[in-house]
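Thanks for coming. Please have a look at the screen.

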Amino acid sequence: MQVDWSIIPGFIPQLIEGAKVTIYITVLGLIGGIIIGLIAGLMRAYGGKIINAIAFTYIELIRGTPIVVQVMFLYFALPVLANIRIDPMSAAILAIMVNAGAYIAEIVRGAFLSISKGLTEAGLAIGMPHWKVLVYIVGPLAFRRLIPPLGNQFIVSLKDTSLFIVIGVGELTRTGQEIMAANFRAVEIWTAVAICYLILTGTMTIALRFIEKRMRIL
Amino acid sequence: MSFIEFRKTLKKFGELTVLQDVDLSIDQGEVVVLVGPSGSGKSTLLRCINGLETISGGDLIVDGLSVKGGNRQLREIRQEAGMVFQQFNLFPQMTALQNVALGPRKVRGVAKAEAMRQAEDMLAKVGLSDKGGHYPSELSGGQQQRVAIARALAVKPKVMLFDEPTSALDPELKQEVLNVMLQLAKEGMTMVVVTHEMSFAKQVGTRLIFMEHGKIAVDGNPRDVIDNPPNPRMKDFLSHVE
C-alpha cells in the first residue's frame, strides 16, 4: 500500500472539529481540576487530622486507579449505583476534573510547604491571621513554584482525553479512528492526529514558558 | 501588674522540657538581654511571648492579655510585640517599602498611600530611606535586618523581641544593626533581646538574664553580672563568648 499525503487536507475540517472537542474537555476539566486541587492541596497542607485524611483518601483513590476505570465508573457504574445518568461529554469533563484535581492537589501541597516557615512566622508575628499570611505572603510565592509542575499536569491531562474514546466522545483520537475506519489510511491519519496533539501541547508549553518568564521565580 | 509576666510557664517539646516553671516579670522601658548556652531555652522563652510557641503549662500575660486566650487575643498580643528574627525573614516578592507597609495595611487597616508614607518614615528611621524600592535580594544582610526592624516597628508595638538579630551577619555588618537597636533603647522602647553580644548587653541592657536547662539561673544588672558572674556555669559560658 502506498503512502499518499495528499489525502490529508480533505480531512482537516474533521480533525479540527475533533481537536475542538479535545480542547473543550481539557479546558473545562482543568479549570475544575485546579479548583479541586487547590482545595484538596490546602486541606492536605494545613488541615487538621480529619480534613487531611479526607483529602488524602481522595488523592490516593484517584492516583491509585487508571483514568479509564474512573471514566467507566462515572459513565456506567454511577447510573446503577446512584441513578445519576450523565452524557459522555459530561463524564469526560468530570473525569479530567477529578483526576487532574488529585495530582494538582499534591503539586499545590508541595509548593506551599516548600515556602520557608520563617516567612509564615514573620507574617504571624506582625499580627496577621493565618489565612492572610497564606493569601498575601505564602500564596504568591507558592504560585511561582507551582507553574512548572502544573504545566506538566496540563499536558498529561490533555493527552488523557484521548482515552475517552472508550465512552464514545468525539474528540481528536476518536475522529482519527472514524476516518481510519472509512479508508484504512493508517500512516497518514495517525501521523496527522499526532501532529494535531503536538500543536496543542506545544502551544501550551509556549504559553507556560511565557508566564514563567514574566514572573521572577523566587 | 508588669507588662510581661511569666507565671510558672512550662514549655515541652514532646518529652523534652524546654522551659521549667519560669517566673519572670518585665516592665515597660526595660531592655532585657537573654543569654545562655544553646538549648537553654532562651529563644523559646522569647517566642512564647508572641505565641509563636504555644506554652504547655502555667500562664503568660502580655499587656494584660493571656497568650492562652485564643487566636483573636493572640493577634492583639502580636500587634503589641514586634519580632525580629535571626534569618530576617523578609518577604522576597516585596520591596523594602512593601515589606514595611504590609503590617499597617493588613493588620491595622491603614490605607495603602498612608501606609507607604509611614513606611518611608520607618525606613528613614533605620537609615535606609534610599532603599525603599529595593527587593530583599538586592540588600546586604545588615540592610535586610534593618528593614525587618522597620517592618516590626511599623505595626507600632509596645515591646520589641529580638531573636539573635546579629548572629547571621558578618562582623562588620553587626554594628549597623546594633546601632539601630541602641537608638530604639534610647527612645525608651521596651526590648527583650536574645544575643551573644556582651558589649551590647553592657552598653544598652538594663537587665541580664542567664538561662540554663530551661530555668533562669542569673538575673541582674548586666555590668555587675558580666564582670562578676555569680554562677560558675555562666563564668564558663562568658569565657567562650568573649
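How many cavities of 30 Å³ or more does the count give? It comes to 2. Let me say what is being counted: on a 1 Å grid over the protein atoms alone, a cavity is a set of points where a 1.4 Å probe fits but cannot get out, while a pocket is an open set with protein on both sides within 12 Å along at least five of seven lines, and lining residues have an atom within 4 Å of a point. Grid points are joined across faces, edges and corners, and a volume is the space filled by probe spheres set on the points.

This is a predicted model, so to speak of local features we need pLDDT of at least 70, and side-chain atom pairs count only at pLDDT 80 or more, whereas totals for chains, interfaces and linings use all residues. Residues are numbered from 1 along each chain as its sequence is written, chains are lettered from A and ligands numbered from 1 in the order in which they are written, and side-chain values use heavy atoms, with hydrogens and water left out.

On confidence, pLDDT is the predictor's own score for each residue, from 0 to 100. Chain B averages 95, and 100% of its residues score at least 70. Within chain B, the lowest mean is 89, in H9(B), and the highest is 98, in E7(B). For the complex, the predictor gives an ipTM of 0.93 and a pTM of 0.86. The element names are DSSP runs numbered from the N terminus: helices are H or I with at least four residues, strands are E with at least two.

Back to the cavities. The largest holds about 40 Å³. Its lining consists of Lys125(B), Val126(B), Leu153(B), Val180(B), Gln183(B), Leu184(B) and Glu187(B). Helix H6 of chain B, residues 171-186, gives the largest share, 3 residues. By class, that lining has 4 nonpolar, 1 polar and 2 charged residues. For these classes, Ala, Val, Leu, Ile, Met, Phe, Trp, Tyr, Cys and Pro are nonpolar, Asp, Glu, Lys and Arg are charged, and the others, Gly among them, are polar.

The second largest cavity has a volume of about 30 Å³. Both chains line this one: Ala125(A) and Ile126(A) from one, and from the other Arg78(B), Gln79(B), Ala81(B), Gly82(B), Ala152(B), Val155(B) and Pro157(B). The lining divides into 6 nonpolar, 2 polar and 1 charged.

Now the pockets. Which residues lie nearest the centre of the largest pocket? Of the 23 lining residues, they are Thr120(A), Leu124(A), His130(A), Leu52(B) and Arg78(B). Arg78(B) also lines the second largest cavity. The volume of the largest pocket is about 460 Å³. Elements giving two or more residues to its lining are H4 (88-113), H5 (117-125) and H6 (130-160) of chain A, together with H2 (71-80) of chain B. The lining has 11 nonpolar, 6 polar and 6 charged residues.

The second largest pocket contains about 210 Å³ of space. It has 13 lining residues, and closest to its centre are Leu15(A), Ala192(A), Ile195(A), Cys196(A) and Ile199(A). Two or more lining residues come from each of H1 (12-46) and H8 (186-214) of chain A, with H8(A) giving the largest share, 7. Here the classes are 11 nonpolar, 1 polar and 1 charged.

Last, the strands. Strands of a sheet pair through backbone hydrogen bonds, either parallel or antiparallel. I call two strands paired if DSSP finds at least two bridges between them.

Chain B has an open sheet of 6 strands, in the order E6-E7-E8-E3-E9-E10, with mixed pairing. Its edge strands are E6 (81-84) and E10 (215-220), each pairing on one side only. E6(B) runs parallel to E7(B), residues 159-163, over 4 bridges, and Met83(B) has Leu161(B) as its bridge partner. Helix H9 of chain B, residues 232-241, packs on this sheet and touches E3, E9 and E10; contact means heavy atoms within 4.5 Å.

Elsewhere in chain B, E1 (4-13) and E2 (16-26) are antiparallel and joined by 7 bridges. Phe13(B) stands opposite Leu16(B), and in this hairpin, with 2 residues between the strands, Gly14(B) takes a positive phi near 65°. E1(B) also pairs with E4(B), residues 57-62, antiparallel over 5 bridges, where Phe6(B) stands opposite Leu60(B).

Conventions:
Axes are lines fitted to C-alpha atoms, for helices over the stretch in contact, and angles run from 0 to 180 degrees between N-to-C directions.
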